[in-house]
Amino acid sequence: MAAPQELTFHEFEAAADLLAETPGATTISSLEEPQGHVSLAVDTGDQEDGDLEENDQTQLLGGEKQPPNFWTFSYHQSFFDVDTHQVLERIKNSLLPVPSQNFVRHCLRHHPDLYGPFWICATLAFALAVSSNLATVLQNWKEASFSYSPQFHKVTVAGITIYCYAWLVPTALWGFLQWRKGVGECVGCYTFLEIVCVYGYSLFIYIPTVVLWLIPISGLQWFLGVLAVSLSGAVLLLTFWPLVRSDTRVVSAVLLTVMVALHALLAIGCKFYFFQSLPSRSIPVTQAPLHQVTPPGSSKTSAAS
Amino acid sequence: MAEADERTVGETATKPGFLGLSDVSISEDIPVEGEITVPMASHSQDEDYSTLDEPVKETIIRDLKAVGKKFVHVMYPKKSNALLRDWDLWGPLVLCVSLALMLQGGSADSKEDGGPQFAEVFVIIWFGAVVITLNSKLLGGTISFFQSLCVLGYCVLPLTVAMLVCRLVLLAGMGPINFLIRLIVVIAMFVWSTLASTAFLADSQPPNRKALAVYPIFLFYFVISWMILTFTPH
């Protein structure tokens, strides 16, 4: 008869020894690591606004395992580590500014994602192009000689504008905040991805705004635009106010004004470029689309991007 | 032998007998022997040569049958693995080229307000499919890159059928009833495409992220449907 001892693996013998020693234990070998994680998480939760210390803690957390290389897939996968309900919650929080809740601290919690910003910008670009197309049709379909043209170049223009706004403005803001932090005026700075995340999610409110701009009542359009800019501008202000609060009054006032102004400029530029109402005089329709391409508000569009 | 038995008995007394397997032994009555020769070895070698030697017509017809079978699977989407297991990109290429050829708009003089050009449609379809595949892989999906491209490309088939129908309907001239027919056909085919691709792709996603992976597919087919619906011939 073959001896069972020769058939048992050595690893099982070690586990069997552990089982014999502690009969009530569960068979998890590394019992210390989860507790270490829990204690670190509790520490970061207790701190209020100690940004520098929190950055150190997050580095510690990240440094326990080797941070993946930029060129590996798992590095980029860490930016898409969100669930559906998390994305929906972040969108909801970007729509409703609550004075006591900072978007970055409360919602992101050192877990920024790139899914939201990327797909919200893509949806907004396509929504702008489709709505502007529909708006042209709705204005002109009663004219007998109107020949519809898809105006596909607007997709390109919308895409470039939105993506430039959503990536260049956070870059400039991050650079500025880093400089102020270096000079010593600011409390701290969010990471670059957190700023991109805030800006991406703050653009969400423009999607229903752009769709509702199809309604050709001018007063309603302006009201919706002002509402959208004020809501998302308030979220941005509440997010960045704790950082620049300790700066000189002039610098903080200028920074926040510039942020809100750029946001409003994007909305106004989109309204003028994509939803320009044609003049009501009867011009030959074959020339009208060419006039549409160079609206009087095009200077604002170039300033916005 | 007896000493070994005594040792095993002693060990089972002290140790808790890990899952009761420590006293399993293989009886010598069951023979563990057989042949390790592959009986059909010579035939498989003949088959390799035969696929090289077969006439070109047979190869092409075999590939066409595979593509046709996948078309059938897209039009009647059941949860089968045929699209995923034997992926190929011939079908998506044919569909994309035909859709782009049918969609390319416009007269040469008014370049700015014409429809999408061939290159624009081609780039949108392929670049869009690549971005959606990357997105689903980054979210933790288990499907491979080319399998996902294959599924997304094949599920453009209902929209290509819609494009054909739209072109035929437009031959009868423009008008509101004309537009209504085209709208209904395009909406139906858009829903069919999205449901077909979701049926194949949604299972490979983690369950709490399915909506995050399906939304870009919805957006992709929406954009293609929009291009089809707004197509106007010159």
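## Residues in chain A

Ala228(A) counts as buried, because its relative accessibility is 1%. The model described here is a predicted one. Ala228(A) belongs to helix α12 of chain A. Apart from its neighbours within four places in sequence, Ala228(A) is in contact with Ile205(A), Tyr206(A) and Thr209(A). Leu193(A) lies 35 residues from Ala228(A) along the chain, and 24 Å separates the C-alpha atoms of the two.

Ala234(A) is also placed in helix α12, which covers residues 218-244 of chain A. Is Ala234(A) buried or partly exposed? With a relative accessibility of 24%, Ala234(A) counts as partly exposed, since the buried class requires a value under 20%. Once neighbours within four places in sequence are set aside, Ala234(A) is in contact with Pro97(A) and Val229(A). Between the C-alpha atoms of Ala234(A) and Thr248(A) there are 21 Å, and these two residues are 14 residues apart along the chain.

Val196(A) sits in helix α10 of chain A, which spans residues 192-202. The relative accessibility of Val196(A) is 1%, so Val196(A) counts as buried. Which residues does Val196(A) contact, leaving aside its neighbours within four places in sequence? They are Leu114(A), Pro117(A), Ala166(A), Trp167(A) and Pro170(A). The C-alpha atom of Val196(A) is 10 Å from that of Tyr165(A), a residue 31 residues away along the chain.

Ala253(A) is located in helix α13 of chain A, made of residues 249-274. Its relative accessible area of 41% makes Ala253(A) partly exposed.

| Residue pair | Separation along the chain | C-alpha separation |
|---|---|---|
| Ala234(A) and Thr248(A) | 14 residues | 21 Å |
| Val196(A) and Tyr165(A) | 31 residues | 10 Å |
| Ala228(A) and Leu193(A) | 35 residues | 24 Å |

Chain A contains 15 helices and 0 strands. It has 305 residues, of which 41% count as buried. Of the contacts in chain A with a separation of 6 or more, 73% are between residues 24 or more positions apart.

Chain B has 10 helices and 0 strands. Along the sequence, its pattern reads α-α-α-α-α-α-α-α-α-α. Chain B has 234 residues, and buried residues make up 40% of them. When contacts in chain B between residues at least 6 apart in sequence are taken, 74% of them join residues at least 24 apart. Chain B exposes about 13700 Å², with 68% of this supplied by carbon and sulfur atoms.

## A helix pair in chain B

Two packed helices are described by the angle between their axes and the distance between the axes. In chain B, helix α6 (residues 118-138) packs with helix α10 (residues 210-229) at an angle of about 175 degrees, and the axes are 9 Å apart. Why is α6(B) called roughly antiparallel to α10(B)? The angle of about 175 degrees makes α6(B) roughly antiparallel to α10(B), because angles over 145 degrees fall in that class.

On the side of α6(B), the residues that meet α10(B) are Val121(B), Ile124(B), Ile125(B), Gly128(B), Ala129(B), Ile132(B) and Asn135(B). The residues of α10(B) that they meet are Leu212(B), Ala213(B), Pro216(B), Ile217(B), Phe220(B), Ile224(B) and Met227(B). Sorted by class, this contact has 12 nonpolar residues, 2 polar residues and no charged ones.

## Cysteines

How many disulfides are there over all chains? The count is 0, where a disulfide needs two cysteine sulfur atoms within 2.5 Å. For Cys121(A), the closest cysteine sulfur belongs to Cys164(A) and is 11 Å away, which is too far for a bond. Cys121(A) is buried, because its relative accessibility is 1%.

In chain B, Cys96(B) is in no disulfide, and the nearest cysteine sulfur, that of Cys150(B), is at 14 Å. Cys96(B) has a relative accessible area of 1%, so this residue is buried.

Technical notes: Residues are numbered from 1 along each chain as its sequence is written. Chains are lettered from A and ligands numbered from 1 in the order in which they are written. This is a predicted model: local features need pLDDT of at least 70, side-chain atom pairs count only at pLDDT 80 or more; totals for chains, interfaces and linings use all residues. Side-chain values use heavy atoms; hydrogens and water are left out. Helices (H or I, at least four residues) and strands (E, at least two) are DSSP runs, numbered from the N terminus. Buried means under 20% relative accessible area, exposed over 50%, partly exposed in between (1.4 Å probe, protein chains only). Contact means heavy atoms within 4.5 Å. Axes are lines fitted to C-alpha atoms, for helices over the stretch in contact, and angles run from 0 to 180 degrees between N-to-C directions. Angles under 35 degrees count as roughly parallel, over 145 as roughly antiparallel, 65 to 115 as roughly perpendicular and the rest as oblique. Ala, Val, Leu, Ile, Met, Phe, Trp, Tyr, Cys and Pro count as nonpolar, Asp, Glu, Lys and Arg as charged, and the others, Gly among them, as polar. Accessible areas come from the Shrake-Rupley method with a 1.4 Å probe; for residues, only the protein chains shown count as cover.
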